[in-house]
Amino acid sequence: MIQLKNISKHFGKLRALDSVTTICEKSECIALIGPNGCGKTTLIKTILGMVVPDSGAITFQGNNIINHWQYRDQIGYMPQMGRYPDNMTIGQVLGMMKDIRGKSEGLDEDLIKAFSVQNLLNKRMGTLSGGTIQKVSAALAFLFNPSVLILDEPTAGLDPVASELFKEKILAERDKGKLVLITSHILSDLDDLVTRIIYMQEGKLIFHKSIEELRQDTGEERLVKSIAQVMISNYE
Amino acid sequence: MNKIIKYVITDILRNKIVLIYTGFLLAASLSVFSLEDNSSKGLLSLLNIILIIVPLVSIIFSTIYMYNSAEFIELLVSQPLKRNAIWLSLFTGLASSLSIAFLIGAGIPVLIYQANLVGLTMILTGVLLSVIFAAIAFLATVKTRDKAKGIGAAIMLWLYFSLLFDGLVLFILFQFADYPMENAMIALSALNPIDLSRILILLQLDVSAMMGYTGAVFKDFFGASNGLIFSFFVLLSWIVIPVWYSTLKFNSKDL
């Protein structure tokens with residue numbers, strides 16, 4: 001579904017991505033894991049077209065994405081830190097997104113209901129807490145039934161109840177045949193969600209394995225412990 | 001594209017700073033006109049306020065607004081939208097809300113007290129200045145990622161256009177006092193939109209006699225319809241060039 005070929009990106013002297021090559025297929029939930037500053041967010045941003053890679057090619061459903069924007073119709077993105085215009089209400093933000101996407105039917109409002117966002121429609125974005133903004137971002141990412149979901153640190157600000165509801169939603173969408181890409185440092189949250197792991201370090205893709213392979217290779221049952229083992233062996 | 005413009009305008013028009021700005025302009029222009037019994041004198045006092053305040057508020061507010069919208073711009077870029085369309089609609093939204101604020105704050109009093117050609121020229125140049133300095137702010141924000149640097153650059157640009165530039169022109173005038181400088185002065189004034197606006201309005205107010213020999217040259221040049229058209233196009237290019245260049249930069253910018 002998404003194919004990356006030799007993607008490289010420099011920020012000044014820093015090598016943010018170093019010839020990353022991989023393929024992400026549908027019906028998978030893939031976790032991007034790695035130490036801070038290993039290029040996870042940059043990788044996500046290149047897929048979204050926010051960062052233009054120095055070299056390499058990205059194809060989305062067989063089409064090259066360079067200089068294209070229509071493909072983003074199929075992607076729901078939840079940023080690490082969402083911020084919206086302070087004086088707009090939640091209702092207006094939702095309305096604006098519907099306007100931009102040009103869709104008002106066949107919307108997936110499960111998360112809006114689950115997070116009871118509809119009770120807050122008249123609240124201005126500037127007055128909301130970080131967690132509530134995260135809920136709005138999450139609801140927006142799922143709203144248009146995209147075939148790919150890209151979630152950057154999604155559970156960081158959510159309360160335990162919301163976090164559970166959110167994980168159930170991710171599982172349901174994965175089982176419907178969607179591709180879910182998640183980055184997170186809270187590995188315990190990922191344990192029963194993900195089917196594959198991409199491990200990155202210093203801009204390089206170290207491995208891309210299914211979770212069963214990882215368990216066999218490390219001999220650990222839990223994701224937290226197997227990743228800890230990988231991280232320690234790669235840590236300098 | 002229209003969709004984003006609409007939402008940007010509703011967001012900005014509810015912003016406290018813009019409301020205060022509108023209120024200030026309204027209070028300043030109403031009091032200036034009611035203090036002077038001769039309303040063209042009032043217009044002259046208002047001109048000085050507008051030439052300082054409008055560029056300052058436009059450039060600083062636009063810069064801060066753009067930096068505060070950085071995450072929102074990222075979100076828009078992740079949507080199925082062209083980057084050109086995002087940048088230009090943000091600009092259109094910002095520029096038109098600042099112009100609306102100016103029209104309400106200064107345009108209405110001017111129309112009440114001075115509804116003639118001079119008043120209309122002043123309203124037009126005020127709107128143009130709002131848009132020009134929003135365009136310059138866009139250039140500053142696309143060039144620097146750092147908020148403090150960007151706002152600093154915006155303040156320096158304002159300082160340059162409203163104070164330093166005049167000093168530079170005076171310096172050049174003194175240095176080359178022995179040479180005929182009249183045509184060069186006209187060319188120099190095109191390099192500063194604030195100066196150009198001031199000259200345009202002063203010439204219409206018939207106080208250009210106070211400007212001496214250069215004033216006569218300006219009157220000769222700007223008074224003619226060709227001069228008016230020339231200065232209008234120069235002011236327009238002060239909008240078009242920064243917007244065009246910043247759009248070009250934004251298209252390949254990493255967010």
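First, the ground rules. Residues are numbered from 1 along each chain as its sequence is written, and chains are lettered from A, with ligands numbered from 1, in the order in which they are written. Because the model is predicted, local features need pLDDT of at least 70 and side-chain atom pairs count only at pLDDT 80 or more, while totals for chains, interfaces and linings use all residues.

Let's start with chain A as a whole. It has 8 helices and 10 strands. Helices (H or I, at least four residues) and strands (E, at least two) are DSSP runs, numbered from the N terminus. The radius of gyration of chain A is 18 Å, close to the 18 Å that the globule rule gives for 236 residues, so chain A is as compact as a globular protein of that length. That radius is taken over C-alpha atoms, and the rule is 2.2 Å times the number of residues to the power 0.38. The C-alpha trace spans about 50 × 40 × 35 Å along its principal axes.

How much of chain A is buried? Buried residues are 40% of the 236. Buried means 20 or more other C-beta atoms within 10 Å of the residue's own, with C-beta atoms placed from the backbone.

Now the sheet. In chain A, 4 strands form an open sheet, ordered E2-E1-E4-E5, with antiparallel pairing. Strand E2 (14-24) and strand E5 (63-64) stand at the edges with a single partner strand each, so one side of each has no neighbour in the sheet. Two strands pair if DSSP finds at least two bridges between them.

Zoom in on E1, residues 2-11 of chain A. 7 bridges join E1(A) to E2(A), and the two run antiparallel. Ile7(A) has Val20(A) as its bridge partner in E2(A). Lys9(A) stands opposite Leu17(A). The hairpin of these strands has 2 residues between them, and Gly12(A) takes a positive phi near 65 degrees there.

Last, the contact between chains. It takes 24 residues from chain A and 19 residues from chain B. Residues are in contact if their C-beta atoms, placed from the backbone, lie within 7 Å. On the chain B side, helix H1 (2-13) and helix H4 (70-77) each give two or more residues. The largest share, 5 residues, comes from H4(B).

Conventions:
Two residues are in contact if their C-beta atoms, placed from the backbone, lie within 7 Å. A residue is buried if 20 or more other C-beta atoms lie within 10 Å of its own, exposed if 12 or fewer, and partly exposed in between; C-beta atoms are placed from the backbone.
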